[in-house]
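Here's a quick briefing to read with the structure open beside you. Take it topic by topic and click along as you go.

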Amino acid sequence: MEKMENVSAAAVPLKLFGSWASSYTHRVQLALRLKGLEFEYAEEDLGNKSDALLRHNPVYKKVPVLVHGDRALPESVIILQYLDDAWPESRPLLPASALDRALARFWCHFADDKLGPAVGAVFASTGEEQEAAVRQVHENLALIEAELRDGAFKGRRFFGGDEVGLLDVVLGCGSYWLAVFEEVTGVRLVDADAFPLFHAWLRDFEALDEVRDTIPAVDRLLEYARGVRHMLLGLASAGADAAASATPAAAAADIAVDI
């Protein structure tokens, strides 16, 4: 049991099913730490998922899943919003303004729908396909940079204001993979000159104690990412039919989209 400070958990216990390398799992872990909630953690083997995980998330069969008492919640962003609704008195993740809350949700969707898949495509490809994916990443980062420079988040240290909020958690727990993927692929994704505000935000985010306690060591992430990229490229060259029948491919697929 991980025991957090400041706010004790409700009488009904919290249990999180996750994976150590999953950025989606890290989102929930970070939110629980920020809100000072106690939780039990269950590590999942994505290549051999437990009966408990499959029972709690029969639709997507993925981590993270938060179990509160006898009720299970899948999908990281839904879990984060639930934590804010259930524990409104502790470290709010969403702003008070209805419009600002909607904007945070929109950009969270953008992170999962646009930016994340583009970065995953860079990691899982080579040659011209990879070059196209890099352009997509840069186009997406340019949109975020514009919001930090002239848009809804202008003048803020974090997307949530003076403290991290929902969008910081969602973007930040994927953005550390940018540096990992750069090291593994040799492709530069985040240039401080091209994206100075995003770059500064990411450095401030990564410096937070709660983030340092959540994100695994870079060396461990690098070793893991190298193995997954080697597997993905090998499966791609072997053909889709062979990939579909390989048990390790299922784990690789989970990680490839989980930045």
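Predicted model: local features only at pLDDT ≥ 70, side-chain atom pairs only at ≥ 80, totals over all residues.

A quick word on "touching" before we start: two residues are in contact when they have heavy atoms within 4.5 Å of each other.

**The whole chain**
- You're looking at a protein chain with 11 helices and four strands.
- The chain has 259 residues, and 46% of them count as buried.
- Take the contacts between residues at least 6 apart in sequence: 70% of these join residues at least 24 apart.

- The four strands make an open sheet, ordered E2-E1-E3-E4, with mixed pairing.
- Strands E2 (40-43) and E4 (71-74) are the edge strands, each with a single partner, so one side of each has no neighbour in the sheet.
- From one strand to the next, the twist averages 20 degrees.
- E1 (residues 14-18) and E3 (residues 65-68) run antiparallel and are joined by four bridges. Leu 16 has Leu 66 in E3 as its bridge partner.
- Helix H1 (residues 23-34) packs on the sheet, where it touches E1 and E2. The direction of H1 makes about 155 degrees with that of E1.

**H1 next to H3**
- The axes of these two helices, H1 and H3, come within 9 Å and cross at roughly 10 degrees. Angles under 35 degrees count as roughly parallel, so H1 is roughly parallel to H3.
- On the H1 side, the contact is made by Tyr 24, Arg 27, Val 28, Ala 31 and Leu 32. H3 brings Ser 76, Val 77, Ile 79, Leu 80 and Leu 83.

**Gln 81, a residue of H3**
- You'll find Gln 81 in helix H3 (residues 76-86).
- Gln 81 counts as buried because its relative accessibility is 18%, and the cut-off for buried is under 20%.
- Setting aside neighbours within four places in sequence, Gln 81 is in contact with Leu 94, Arg 105 and Leu 166.
- Gln 81 and Ala 31 are 50 residues apart along the chain, yet their C-alpha atoms are separated by 9.8 Å.

**H5 and H6**
- Helix H5 (residues 127-150) has 24 residues and reaches 35 Å from first C-alpha to last, close to the 34 Å expected at 1.5 Å a residue.
- The buried residues of H5 include Val 134, Val 137, Leu 141 and Ile 144, and also Gln 130, Asn 140 and Glu 145.
- Back to Ser 175: this serine lies in helix H6 (residues 166-185). At 3% relative accessibility, Ser 175 counts as buried.

- Val 63 and Pro 64 are joined by a cis peptide bond, with omega about 0 degrees. Pro 64 sits in the loop between helix H2 (51-56) and E3.
- Glu 75 isn't a glycine, but its phi is positive, near 75 degrees. Look for Glu 75 in the loop between E4 and H3; its relative accessible area is 37%, so it is partly exposed.
- Arg 91 also isn't a glycine and has a positive phi, about 35 degrees. Arg 91 is in the loop between H3 and helix H4 (98-123), and is partly exposed at a relative accessible area of 22%.

Note on methods: Residues numbered from 1 in each chain as written. Heavy atoms only, no water. Buried < 20%, exposed > 50% of the residue type's maximum accessible area, 1.4 Å probe, protein only. Expected span 1.5 Å × (residues − 1). Pairing = 2+ DSSP bridges. Axes fitted to C-alpha atoms, helices over the stretch in contact; angles between N-to-C directions. Parallel < 35°, antiparallel > 145°, perpendicular 65-115°, else oblique.
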